[in-house]
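Visitor: Could you give me a close look at the aromatic rings here, and then show me how their surroundings are built? I would like the cut-offs as you go.

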Amino acid sequence: MNSVLDNAPALKHEIDKIAEAAGYLWTKGWAERNGGNITVNVTEFVTDDIKKKKAISEPIVIGDTLPHLKGCYFYCKGTQKRMRDLARWPMDNGSIIRILDDCAHYEIVADKPVMPTSELPSHLAVHNDLIYKGSPFKASLHTHPIELVAMSHNPEYLKKDVLTKILWSMIPETKAFAPKGLGIVPYMMPSSKQLADETIRIINEDYDVVMWEKHGVFAVETDIMAAFDQVDVLNKSAIIYMCARNMGFVPDGMTDDQMRELSVTFNLPK
């Protein structure tokens, strides 16, 4: 079967990055069974041929009206699909959708009628807000990094910016490569509108990565690899912290003065 990617090299390159990132999520143990989701705004890579392509599904209700997504195209991981399979066969385990003019429905345009994840409305709501703000971010990632999820079970770490400060202090690269830290959303029902609304609120407080208590993280960035990198560096710091605790001591971490010096040297947010 021919794929829409056959004559769309820029789109294929973007989908290949998504597949590569999905493989990393699986090998790190962050995507058990069908866990985790990826939604990427691929509008800029969609060819005229794809835009003229007849839908392969009936219009599907989003559950919300998202006016800034009119005519946008997204690659979405499929419902009940595994990241390890998406890594090998991205167009069998995800689909490209088009938001209709009413901004309340979408249709699947390629390659197969793979229904998107149940978390799609939440992801699309975030993308709608990103476009509204003029953000360059095109990718959203939800995954289950083991050590960060473990730390979210301690109420002390869920106080505002407590976990951010711990993670930043473990290794200089963390603040350099995740300079906005980690926002916190208290436990809410997965896939709920409440969770989506609270995630948008925290992102609007100027975070790129949000910790969903006892669940996982949600990251937004310019592309899927950049979103993965944000989570990767934050979770590396969580591992360093846990290694120190497992050796029987609480790590000192970098001092406030050392982190301020780092911020000045690399022109990072204070």
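Guide: Let's begin with a charge over a ring: R84 sits over the face of W26, 4.7 Å from the ring centre. The criterion is that NZ of Lys or CZ of Arg is within 6 Å of the ring centre and within 35 degrees of the ring normal. This is a predicted model, in which local features need pLDDT of at least 70 and side-chain atom pairs count only at pLDDT 80 or more, while totals for chains, interfaces and linings use all residues. Residues are numbered from 1 along each chain as its sequence is written, and side-chain values use heavy atoms, with hydrogens and water left out.

W168 belongs to helix α6, residues 162–170; helices (H or I, at least four residues) and strands (E, at least two) are DSSP runs, numbered from the N terminus. With 13% relative accessibility, W168 counts as buried, a word that means under 20% relative accessible area, with exposed over 50% and partly exposed in between (1.4 Å probe, protein chains only). Leaving aside residues up to four places away in sequence, W168 touches T174, K175, A178, P179, K180, G181, M254 and M259, where contact means heavy atoms within 4.5 Å. The C-alpha atoms of W168 and V233 are 9.6 Å apart, although 65 residues separate the two along the chain.

Searching the whole structure gives four aromatic pairs; rings of Phe, Tyr and Trp (its six-membered ring) pair if their centres lie within 6.5 Å, with planes under 30 degrees apart stacked, over 60 edge-to-face and the rest tilted. One of the pairs is Y24 with F228, which is tilted at 5.4 Å centre to centre and 40° between the planes. Y24 is in helix α1 and F228 in helix α9, so this pair ties together parts 204 residues apart in sequence. Y24 is partly exposed, at 33% relative accessibility, while F228 is buried at 6%. W30 and F228 also make a tilted pair, because their ring centres are 5.9 Å apart and their planes at 40°. W30 and F228 are both buried, and Y24, W30 and F228 form one aromatic cluster.

What do these helices rest on? An open sheet of nine strands, ordered β2-β5-β4-β3-β1-β6-β9-β8-β7 with mixed pairing; two strands pair if DSSP finds at least two bridges between them. The edges are β2 (60–61) and β7 (182–185), each with a single partner strand, so one side of each has no neighbour in the sheet. β7 runs parallel to β8 (residues 209–212), and four bridges join them. In that pairing, V185 is opposite W212. Helix α1 (residues 9–27) packs on the sheet, touching β1, β3, β4 and β6, with its direction at about 160° to that of β1. Helix α9 (residues 224–246) packs there too, touching β1, β6, β7, β8 and β9, with its direction at about 40° to that of β6. Axes are lines fitted to C-alpha atoms, for helices over the stretch in contact, and angles run from 0 to 180 degrees between N-to-C directions.
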